[in-house]
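These are my notes from looking through one structure. I kept to pairings and covalent links.

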Amino acid sequence: MVRSWVTSRAVVLVIAAVVLAACSGPNAGGNGDDGGVTPTPTSAPATATTASTEAATATTPTAPPKPTPTAISAAGGTATPGTVAGGREDYCAELAGGSTDNDVRVPAGATCTLDNARVGPNVILARDATLHARGSSIGGNVLSEGAAAVNLLDGTTVGGNIHVERSGGVQVIDARVDGNIHLEHNTGMIVINNSVVDGSIEIEENTGGVEISGNTVGGKLECEENTPPPTGGGNTVNGEREGQCSGL
């Protein structure tokens, strides 16, 4: 009987030892200081703040690149680009034997030489700018206010009008103009010789002298308040000759 009691007690102690080992092992739960190995924390999931930041970054539009100024492609010449203010424009320094389909703007104080060149719609001169065109084709207008000089020579054609005011000298010699020529308040010498003008010629309040000779004019030839009065002759005018040009 004593032996049975000893055997039963031993079995109970063994079971208790197994239970204690299971409760105090590395997988036991609880937050107390039980001497076990602290579980290694796993990586935390991305927070909502991070996700929002990434979404904002993905949807924020980027600013479009600024347009690069376009230089005229010059064959045998050079071209100096400037800041494009808008639209399709080229800044011209020299265009020899080349072409552009854009408007050409001559910057203030600069000189543009068009030599056997073809230019798109218009040539626009800034203050104190100079244009020399020889044997060239200008598709649209030649426009100037305050330029130093405008010279259209030696077979140059203008598909639109020539409008020059408050500028220096103007020469249209051996040229063709499909539109009108309107020159007013200029201070340099004005010479319109041996040219064909399909529209009218109007010369008003210029002070540098005017010579008009050997032209064929499809519209009228009108000169008013120029000092000194215009000179010249030998013009063929299909419209009226008026004012100071009535005898030319």
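How many disulfides does the structure hold? I looked this up and found one. I note here that the model is predicted.

Entry on the disulfide. I find Cys223 joined to Cys245, with 1.7 Å from S to S. I read the torsion about the S-S bond of Cys223 and Cys245 as about -65 degrees, so I log the disulfide as left-handed.

Entry on where the two cysteines sit. I place Cys223 in strand β22, residues 221-224. I place Cys245 in the segment after β25 (241-243). The pair therefore ties together parts that are 22 residues apart in sequence.

Entry on burial. Are Cys223 and Cys245 buried or exposed? I get a relative accessible area of 0% for Cys223, and 0% for Cys245 as well. Buried means under 20%, so I count Cys223 as buried and Cys245 as buried.

Entry on the sheet. I went on to the strand order. Eight strands form an open sheet, and I wrote the order down as β3-β6-β9-β12-β15-β18-β21-β24. I have the pairing in this sheet as parallel. Which strands are at the edges? I find β3 (99-100) and β24 (236-237) there, each pairing on one side only.

Entry on one pair within the sheet. I checked β15, residues 176-177, against β18, residues 196-197. I find that β15 and β18 pair in the parallel sense over two bridges. Which residue of β18 stands opposite Val177? I find Val197 there.

Definitions and conventions:
Residues numbered from 1 in each chain as written. Predicted model: local features only at pLDDT ≥ 70, side-chain atom pairs only at ≥ 80, totals over all residues. Heavy atoms only, no water. Pairing = 2+ DSSP bridges. Helix = DSSP H or I, 4+ residues; strand = E, 2+ residues; numbered from the N terminus. Disulfide = S-S within 2.5 Å. Buried < 20%, exposed > 50% of the residue type's maximum accessible area, 1.4 Å probe, protein only.
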